[in-house]
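Subject: A structure to look through

Hello,

I am handing over a structure for you to look through, and below it I have set out what was found. Please keep it open while you read.

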Amino acid sequence: MSFGENLQFYRKRNDITQEQLAEQMSVSRQTISKWESENSYPEMEKLLQLCDMFGCTMDVLLRGNVQESLQEDTMGYDRHMNQFSVKIVAGIGVILFGLILQILGEAFQKPDYFVNTIFLFVAMTGILIIIEGGMQHSRFAKKHPHINPFYKEEELELAENRFRVRIIAGIGILFAGALAAAMSEGFPVPAGCTKEIYDSVPMFFFTVGICTIVYAGMQKSKYNVEEYNKENSSVKSRKDQLVAVWCGCIMIMATILFFIAGLGYEMWEKCWIVYPIGGMLCGIVTLILNGMYRE
């Protein structure tokens, strides 16, 4: 396909008239018509603008076959989303593994400062993994705000089946953890430790189950390319920015209170309540801002 054919294909695929494209490109409608009929060609600045608008490379736009390129992952989206999923799940798993280590430390009657230090070190490692994964995803989304749908029907069907299997497996593992917790009540306490040692077993099952369910959800969302484009192709509204800022501040304060209560007052078993309270406050803030910025 030629440049004119590719441009016309992209324009019609995005349901844009020549007048609308001309307005976005700050040129006349006649100029767009000449580009599509190949009586003239855009300058480099306009070519780059077209590539950003349609989410394609200059090589594809000028001399490629856009219909074939739509069936290929030219941006490395699938590989990136797989890496993103693994990093988020790994971060969550490391944080929960820190809780397992804390339980084992208490069960073997290790000093509180030692147990808390180990937990904080492992938890911070998990948080850093999540932050790095989120930053990498933000960079990718900024560089590639629009991805042409390329997954085939067979791939989408296979992904749906995998999602069901993973969710069922995750729920099954959680039930296994609950069963392990119930069975441990009758087990004898080994010498040199407390009964809390058995709490690490269901916590291990819960860690694996939660990570399995989160991974299933992230992998399912990967195939929703249209939603990815919707989230990243347009600038966030004032309301969305405020919601993100307020909720971020609330959860940061919740984390600070969590560590103050745990480290300063040794209330680790009770201070987890700050997170559900923070979640409810985020919901309240979202409702209030939605009411203030009704579209």
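In what follows, a helix is a DSSP run of H or I that is at least four residues long, and helices are numbered from the N terminus. Please bear in mind that this is a predicted model.

I would begin with K142, whose place is in helix α8, the helix that covers residues 112-143. Is K142 buried or exposed? With a relative accessible area of 73%, K142 is exposed, because exposed means over 50%. Although K142 and N232 are 90 residues apart in sequence, their C-alpha atoms are 7.5 Å apart in space.

Helix α8 also has a partner in helix α7, which covers residues 77-107, and the axes of α7 and α8 come within 8 Å and cross at roughly 170°. Since angles over 145 degrees count as roughly antiparallel, α7 and α8 are therefore roughly antiparallel to each other. In the contact of α7 with α8, the residues divide into 20 nonpolar, 13 polar and 3 charged.

Lastly, there are the cysteines. How many disulfides does the structure hold? The structure holds 0 disulfides, and C249 is accordingly in none, with the nearest cysteine sulfur, that of C247, lying 9.4 Å away. C249 counts as partly exposed, at 44% relative accessibility, whereas C51 counts as buried, because its relative accessibility is 8% and buried means under 20%.

Best wishes

Terms used: Residues numbered from 1 in each chain as written. Predicted model: local features only at pLDDT ≥ 70, side-chain atom pairs only at ≥ 80, totals over all residues. Heavy atoms only, no water. Disulfide = S-S within 2.5 Å. Buried < 20%, exposed > 50% of the residue type's maximum accessible area, 1.4 Å probe, protein only. Helix = DSSP H or I, 4+ residues; strand = E, 2+ residues; numbered from the N terminus. Axes fitted to C-alpha atoms, helices over the stretch in contact; angles between N-to-C directions. Parallel < 35°, antiparallel > 145°, perpendicular 65-115°, else oblique. Nonpolar A, V, L, I, M, F, W, Y, C, P; charged D, E, K, R; others polar.
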